[in-house]
Amino acid sequence: MNTSHETDVLVVGAGPSGVAAAVMAASLNLRTVVVETDAVGGKLHVIGALENVPGNWSTGRQLAEALAADLDRLQQAGRCSIMQGCAASVTGYDDRAELVLDDGRVLSAQVIVVATGVATLTPPDADWISAPAKLSVLPLWRTKPGDLAGRTYVLGGDRPLGTWLRTHPRCSTTLHVLCPPSDDYKIAEVAGDERVRIVPVSHVVLSPMMHGSDWSLEVKDRQGEHKSYVAKTVLNNLGNMPAALNGLASSEDGYCPPSKQHPRIRVAGDLRSAQFQRVVTAQGSGAEAVLASYYATALKPC
């Protein structure tokens, strides 16, 4: 395997935290390479409404376009380069850090900022749902009000529910949200919305019915009582799991605390913790990851 793209800062992921890291690194005159699998902005492209991000952004797509413009500006100025690739593993050494891509390429840098974010959970991934393997359920964030038919159940109370409700203020459909105890702290922000019916559960058995497009839901509530429901529409709002690379140190929940990593490997954005998954905190952590290495003298501009 050949080592290439020798640089000061290697940023893995071009979401809010990754772009913030790249902008900060470029401002410190550090040679910077950004590795991204898909589009700049990541999941911002599917956020229909932004309310807690300064800068007068109304949608995630607007902010994603602005981040892409930031990277384009840095590229045009020769202060940053972007390459397509899918990261597989990361390793820190005394004198460098290395990133291995899934095609075998090895990229080396003084510091690597991992900002790979999170991946969407599916029903079989959730420990409180029993469902057929590889069962696919339409994500809430991809759904429009016109897609909803009949009685609608939402699997999980993750925060995109609040975003969806703000994006579609005129939608009058009642959403029956199946909420496990682990989502109680997330659901509080939408509990007062008249369109939401919280259904506290401990376990759900989900399966498509043999005939037609209906769904069968066998629900066990938190008191141990069982109820059966039939739904026309079931939507996935289960939340995320960390998209951690091999080589990162993780906690029991799978997230990767910055304090557990090699000094030449910095973790930024949603990958750090489930409780800090906000655009603004992601951006701040990306910039901080670069600054922390810079002031720790791990980064020495050439």
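## Surroundings of Val204

Leaving aside neighbours within four places in sequence, Val204 is in contact (heavy atoms within 4.5 Å) with Trp128, Ile129, Ser130, Leu178, Leu217, Glu218 and Val219. Val204 and Ile129 are 75 residues apart in sequence, yet their C-alpha atoms lie 4.9 Å apart in space. Val204 belongs to strand 12, residues 203–208, where strands (E, at least two residues) and helices (H or I, at least four) are DSSP runs numbered from the N terminus. With a relative accessible area of 0%, Val204 is buried, a term that stands for under 20% relative accessible area, with exposed over 50% and partly exposed in between (1.4 Å probe, protein chains only).

## Basis of the model

The model is predicted, and local features need pLDDT of at least 70, side-chain atom pairs count only at pLDDT 80 or more, and totals for chains, interfaces and linings use all residues. Residues are numbered from 1 along each chain as its sequence is written, and side-chain values use heavy atoms, with hydrogens and water left out.

## Nonpolar cores

A nonpolar core is here a set of buried Ala, Val, Leu, Ile, Met, Phe, Trp, Tyr and Cys residues joined through side-chain atoms within 4.5 Å. The largest such core has 27 residues, of which Val34, Leu63, Leu71, Val113 and Val290 touch the most other members. At least two residues of this core come from each of strand 1 (3–12), helix 1 (16–27), helix 2 (60–76), strand 6 (106–114) and helix 5 (279–295). Apart from it lies another core, of 20 residues, including Val33, Ala87, Val114 and Leu248.

Not counting residues up to four places away in sequence, Val113 touches Val9, Leu10, Val11, Val12, Ala21, Arg266, Ala268, Ala289 and Val290.

## Packing of helix 1

Helix 1 and helix 2 pack at an angle of about 30°, with their axes 10 Å apart; axes are lines fitted to C-alpha atoms, for helices over the stretch in contact, and angles run from 0 to 180 degrees between N-to-C directions. The two helices, helix 1 and helix 2, are therefore roughly parallel to each other, the class for angles under 35 degrees, whereas those over 145 count as roughly antiparallel, 65 to 115 as roughly perpendicular and the rest as oblique. Pro16, Val19, Ala22, Val23 and Ala26 in helix 1 meet Leu67, Asp70, Leu71 and Leu74 in helix 2.

Helix 1 and helix 5 pack at an angle of about 35°, with their axes 7 Å apart. In helix 1, Pro16, Ser17, Ala20, Ala21, Met24 and Ala25 meet Val279, Ala282, Gln283, Ser285, Gly286, Ala287, Val290 and Leu291 in helix 5.
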